[in-house]
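Trainee: Please take me through this model, one point at a time.

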Amino acid sequence: MDFQQLQSLPRMIMRQRIRPMVNQYQFHAVLPDGGEGPLLAFAQQKRLAFKEQVTLYTDDSKQWPVLGFKARNVIDLGATYDVFDASGAPIGLFRKDFKQSLLRSTWHVEQPGLGQITGQERNVALAVLRRFIDALAFVPYHFDFVLNGQVAFSVDKRWGIRDRYTIEIPSPHVDRRLVIAMAVAIDALQSR
């Protein structure tokens with residue numbers, strides 16, 4: 001799928017594959033009837049890495065990169081992650097707001113020419129409870145990413161044995177590659 005086709009998508013699905021030592025993710029377009037469409041990207045993230053780096057590929061053969069993100073520093077509570085395209089050119093960044101995330105997970109996404117997009121868990125009470133009750137880790141959560149008072153995109157974790165997310169992108173201006181990187185980060189880096 002080329003960039004223009006990807007950029008036109010208003011919805012995606014992210015599925016996590018269960019593997020012992022890595023997190024694997026598949027991104028699919030959503031068909032007009034709501035069904036799962038073609039594979040857009042595949043990611044693999046090593047668990048317990050000191051300096052986080054994730055590359056997304058066209059499929060699980062991992063031959064053709066699509067995009068990636070990399071932490072600027074080793075183990076940083078408020079780490080900044082640079083997002084780059086297949087050629088290594090920067091397309092934006094995201095970072096966790098450590099202070100605000102103590103009670104309600106908060107992320108900031110920056111795309112050149114667009115400004116800062118702030119994402120927070122939608123349900124404040126559930127966000128607080130999840131920090132103190134480990135058994136609630138399986139409960140779905142929802143993030144809204146807001147730009148100038150409007151939802152630019154949202155990431156919703158669904159019920160199920162495997163993690164499955166629905167990603168809604170009402171803003172035509174947000175780079176879908178940044179959205180994909182942020183969705184992987186929400187799952188892979190949320191508990192850090």
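Mentor: Two strands pair if DSSP finds at least two bridges between them. Helices (H or I, at least four residues) and strands (E, at least two) are DSSP runs, numbered from the N terminus. The model is predicted: local features need pLDDT of at least 70, side-chain atom pairs count only at pLDDT 80 or more, and totals for chains, interfaces and linings use all residues. Residues are numbered from 1 along each chain as its sequence is written, and side-chain values use heavy atoms, with hydrogens and water left out.

Trainee: In the hairpin of β2 and β3, which residue takes a positive phi?

Mentor: Strand β2 (residues 22-30) and strand β3 (residues 36-46) are antiparallel, with eight bridges. V30 stands opposite E36 in β3. Five residues lie between the strands of this hairpin, and the one with a positive phi, near 95°, is G34.

Trainee: What is the bridge partner of Q44 in β4?

Mentor: Strand β4 (residues 53-57) runs antiparallel to β3, joined by three bridges. The partner of Q44 in β4 is T55.

Trainee: How many aromatic pairs does the structure hold?

Mentor: Rings of Phe, Tyr and Trp (its six-membered ring) pair if their centres lie within 6.5 Å; planes under 30 degrees apart count as stacked, over 60 as edge-to-face and the rest as tilted. By that rule, the number of aromatic pairs is eight.

Trainee: What parts does the pair of F69 and F94 tie together?

Mentor: F69 and F94 are edge-to-face, at 5.2 Å centre to centre and 70° between the planes. Both F69 and F94 are buried (under 20% relative accessible area; exposed is over 50%, partly exposed in between; 1.4 Å probe, protein chains only). The two residues are 25 apart in sequence, so the pair ties together strand β5 (residues 65-71) and strand β7 (residues 90-96).
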